[in-house]
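Subject: Structure for you to look at

Hello,

Here is the structure I promised to pass on. Please open it first, then read the notes below it.

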Amino acid sequence: MRIATWNVNSAKPRVARLLPWLDERRPDVVCLQETKLTQDAFGALLGDELAGRGYDVAAHGQGQWNGVALLSRVGLDDVERGFAGQPDWSGKAEARAISATCGGVRVHSLYVPNGREVTSEHYRYKLEWLSALREAVLADGVEGDAQVALCGDFNIAPADADVFDPAAYAGHTHVTRPERAALAAIEGLGLADVVRERWPDESVYSYWDYRAGMFHQNLGMRIDLVLGSAPVAGRVAAAWVDRAARKGKLPSDHAPVIVDLDDAPDGDIGPMVPPPSARAPRRGVRLPQGSR
């Protein structure tokens with residue numbers, strides 16, 4: 001079973017990229033984030049195309065912002081939009097989480113709040129959201145034979161190795177100790193970061209800012225993750241970032257992360273496909289203003 005997660009940064013302008021990618025990579029389960037469409041609008045835009053490719057669809061959206069979805073060719077059962085205890089922002093729960101059982105695996109598509117600035121209310125909301133997610137996952141159960149995969153844009157680089165230059169991100173969100181501790185607390189439930197487990201010593205990124213040629217210089221960060229329970233992690237045959245999907249016309253600023261369970265149709269490839277031409281990390285590069 002091939003599971004993929006992709007922050008498409010608005011589904012509507014990405015249709016011309018998403019559909020050919022589905023045909024090429026043929027994932028069995030797809031977790032989408034930042035669709036920026038209501039549930040009805042997502043269905044109107046993509047429902048027929050996805051059905052023709054054999055996908056059942058569950059979406060959770062609110063229009064202009066956020067939005068998550070699950071596409072599955074291996075079943076889509078017990079769909080849950082949001083999660084128990086999810087905190088509100090501006091008085092309501094945002095469309096940032098959806099889960100379902102797909103091919104025997106409880107799959108979550110997650111779009112963790114950005115956090116904006118370390119001193120902001122949104123940063124505190126992000127930490128509250130992560131804490132509530134941990135409690136919800138714990139209550140659902142991740143021990144023993146439970147097959148669970150938390151997939152999505154976590155808006156956290158787990159370690160300094162997951163950014164091109166730690167000094168460039170000093171004082172920014174996504175790399176602070178509280179954020180990383182909140183992510184580590186979720187992993188501490190018995191979840192493995194399967195891409196990093198597969199490629200412990202490699203530079204692996206999944207997000208590159210649109211500006212300043214960051215992608216072409218491979219000045220990125222790894223914030224799109226797949227966290228698997230022990231039974232899922234034990235089935236991983238390949239785990240990689242589909243960097244090709246970040247190339248070309250009208251791309252998302254994120255690349256899909258692909259995890260193959262039991263069998264790897266493309267072999268044990270990675271960590272980023274194709275490899276970047278600029279492979280060496282660069283130091284002393286300033287982030288574009290407002291970047292992440």
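Which strands does α1 lie across? Helix α1 lies across β1 (2-7), β2, β11 (236-242) and β12 (257-261), and runs at about 160° to β1. The axes behind that angle are lines fitted to C-alpha atoms, for helices over the stretch in contact, and angles run from 0 to 180 degrees between N-to-C directions. Contact means heavy atoms within 4.5 Å. Helices (H or I, at least four residues) and strands (E, at least two) are DSSP runs, numbered from the N terminus.

Before the rest, some notes on how to read it. This is a predicted model, in which local features need pLDDT of at least 70 and side-chain atom pairs count only at pLDDT 80 or more, while totals for chains, interfaces and linings use all residues. Residues are numbered from 1 along each chain as its sequence is written, and side-chain values use heavy atoms, with hydrogens and water left out.

The sheet

Seven strands form an open sheet of mixed pairing, in the order β3-β4-β2-β1-β12-β11-β13. Two strands pair if DSSP finds at least two bridges between them. At the edges stand β3 and β13 (272-273), each with a single partner strand, so one side of each has no neighbour in the sheet.

Strand β1 is joined to β2 by five bridges, and these two run parallel; T5 stands opposite C31 in β2. Four bridges join β1 to β12, and this pair runs antiparallel. Here T5 stands opposite V257 in β12. Strands β2 and β4 are also antiparallel, with five bridges between them, and V29 faces S72 in β4.

Six of the six residues of β1 are buried, so β1 is largely enclosed by the rest of the structure. Buried means under 20% relative accessible area, exposed over 50%, and partly exposed in between (1.4 Å probe, protein chains only). R2, A4 and W6 point one way from β1, and I3, T5 and N7 point the other way.

Helix α1

Together, β1, α1 and β2 make a right-handed β-α-β unit. A crossover is right-handed if, with the strands pointing away from the viewer, the path from the first strand over the helix to the second runs clockwise. The buried residues of α1 are V15, R17, L18, L19, W21, L22 and R25, and they pack against β1, β2, α2, β11 and β12. After α1 comes R26, whose phi is positive, near 50°.

Helix α2

Helix α2 (residues 39-52) has 14 residues and spans 19 Å from its first C-alpha to its last, close to the 20 Å expected at 1.5 Å a residue. The expected span is 1.5 Å times one less than the number of residues. A kink of about 60° is centred on L46; the bend at a residue is the angle between axes fitted to the seven residues ending there and the seven starting there.

F42, L46 and L50 are buried in α2. An α-helix has 3.6 residues a turn, so residues three or four places apart point the same way. The buried residues of α2 pack against α1 (15-25), β2 (29-33), β3 (56-60) and β4 (68-72). E49, also found in α2, counts as partly exposed at 38% relative accessibility. Helix α2 is followed by G54, whose phi is positive, near 90°.

Regards
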